[in-house]
Amino acid sequence: MANRIKLTPSAKSLALHAGVVLLLLALNFLLPEYHRGVFARVLVLAVFAMGYNLAFGYTGLLSLGHAMFFAAGLYGAGLTVYHLEWSVWPAFAAGLAAGTGLALVVGFLALRTTGVAFMIVTLMFAQVFYLTTLYFTTYTRGEEGLVLPQSSRVLAFPGGALNLSDPSTRYLVALTLFTLVLTVILFLVRAPFGRSLVAIRENDERMRMLGYNVFANKLASVVLSGLFCAASGAAYAVLFGYVGSGFAAIQYSILPLLWVLVGGAATTLGPLIGTLFMFYVIDTASSYTTAHLLVVGLVLIGVILFFPKGIAGTVRGRWLPWLP
């Protein structure tokens, strides 16, 4: 009998992630228009959750202020398109720069605290950012927000251009962003840098005694997290054509935490699973009853009881230990 080919954990992981991406690609041609739109939104927000997961799941930094990084990317891209009439590429770069720069400043200041104090400081920074978007209503229009014209949402290439208001194009661009960030995250968490973040999460004092610069590693984690969250925000602005202060509110700092906890903290696919699961739970429950939050709460209790480490985290702990 021929010997079976045994895949290494790394090969299994790569095969799984490639399979997920190919499945998501196939769904673009199989899903009806409504669900394709939902999936496009989920893919963009899953990038937001992956950025949050890098700081919270892998580094152990419980932040209540990540909405400001998402909103910085959102406004960085949206305001430059709306007021300065920038094209998509430079506007997206402006969103990345805004979120990354903000993460560097906030991380440098907030990481001088730990635990509950860190959580409160990030919340305070996020509230300042949110109030700033309300104060400058002349430019942001506050909660009403800005609707980007379709004519400005065109992704130009040397050989042509893509209309980002087209549902299929929007889905494929969202999937491309998700795939790029997923690949980077998968590389980071398997690299020495990612393993050092996990070690810092478990015992930062021991890592400091071993000679690691704990502050620098945490700051790098926050900056990378801010970069991914800003990429999600900038993509949301140009793909869906809306920029509003609601995305900077406290609920948008709670949502990625919820998505990560449901999907599985410190897992690469957990943010996608959690975001997709919660979107459809809320969408389905709200279509049947006005008390949909009660249904959502009951579902979350069930998830906690049967999947205490999140869906992907519990699957990894019980059946597939090779899951990253």
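Start by selecting Glu202 and Arg201, whose side chains meet in a salt bridge (2.8 Å, N to O). Salt bridge here means a side-chain nitrogen of Lys or Arg within 4 Å of a carboxyl oxygen of Asp or Glu. Glu202 is exposed, at 57% relative accessible area, while Arg201 is partly exposed at 30%. Buried stands for under 20% relative accessible area, exposed for over 50%, and partly exposed for what lies in between (1.4 Å probe, protein chains only).

Before you move on, a word about what is on your screen. This is a predicted model: local features need pLDDT of at least 70, side-chain atom pairs count only at pLDDT 80 or more, and totals for chains, interfaces and linings use all residues. Residues are numbered from 1 along each chain as its sequence is written, and side-chain values use heavy atoms, with hydrogens and water left out.

**Next stop: Lys218 and Asp204.** The structure holds three salt bridges, and this pair forms one of them, with the closest N and O atoms 3.6 Å apart. Lys218 sits in helix 10 and Asp204 in helix 9 (residues 204-209), so the pair ties together parts that are 14 residues apart in sequence. Helices (H or I, at least four residues) and strands (E, at least two) are DSSP runs, numbered from the N terminus. Lys218 is buried at 12% relative accessible area, whereas Asp204 is partly exposed at 23%.

**Stay in helix 9.** Select Arg208 and Glu205, whose side chains meet in a salt bridge of 2.9 Å, N to O. Both residues lie in helix 9, three residues apart, about one turn of the helix. An α-helix has 3.6 residues a turn, so residues three or four places apart point the same way. Arg208 is partly exposed at 40%, and Glu205 is partly exposed at 46%.

**Now select helix 4, residues 88-110.** Its 23 residues should span 33 Å at 1.5 Å a residue, and its end C-alpha atoms are 32 Å apart, which agrees. The expected span is 1.5 Å times one less than the number of residues. Colour the buried residues of this helix, among them Val88, Gly95, Gly99, Val106 and Ala110. What covers them? The cover includes helix 3 (67-82), helix 5 (115-135), strand 2 (154-157) and helix 10 (214-240).

**On to helix 1, residues 9-30.** Ser13 lies in this helix and counts as buried, at 1% relative accessibility. Which residues is Ser13 in contact with, leaving aside its neighbours within four places in sequence? They are Leu186, Arg190, Trp322 and Pro324, where contact means heavy atoms within 4.5 Å.

**Then turn to the surface.** Select Leu22, Leu25, Phe29, Leu30 and Leu172, which form a nonpolar patch with about 520 Å² of accessible area together. Patches are made of residues with over 30% relative accessible area and no salt bridge: like charges are joined within 9 Å, nonpolar side chains (Val, Leu, Ile, Met, Phe, Trp, Tyr) within 5 Å. Accessible areas come from the Shrake-Rupley method with a 1.4 Å probe; for residues, only the protein chains shown count as cover. Helix 1 gives the most to the patch, with four residues. Leu172 belongs to helix 7 (residues 167-190) and is partly exposed at 31%.

**Last, zoom out.** The chain has 14 helices and four strands. Its C-alpha trace spans about 65 × 50 × 50 Å along the principal axes. Buried residues make up 47% of the 324 residues.
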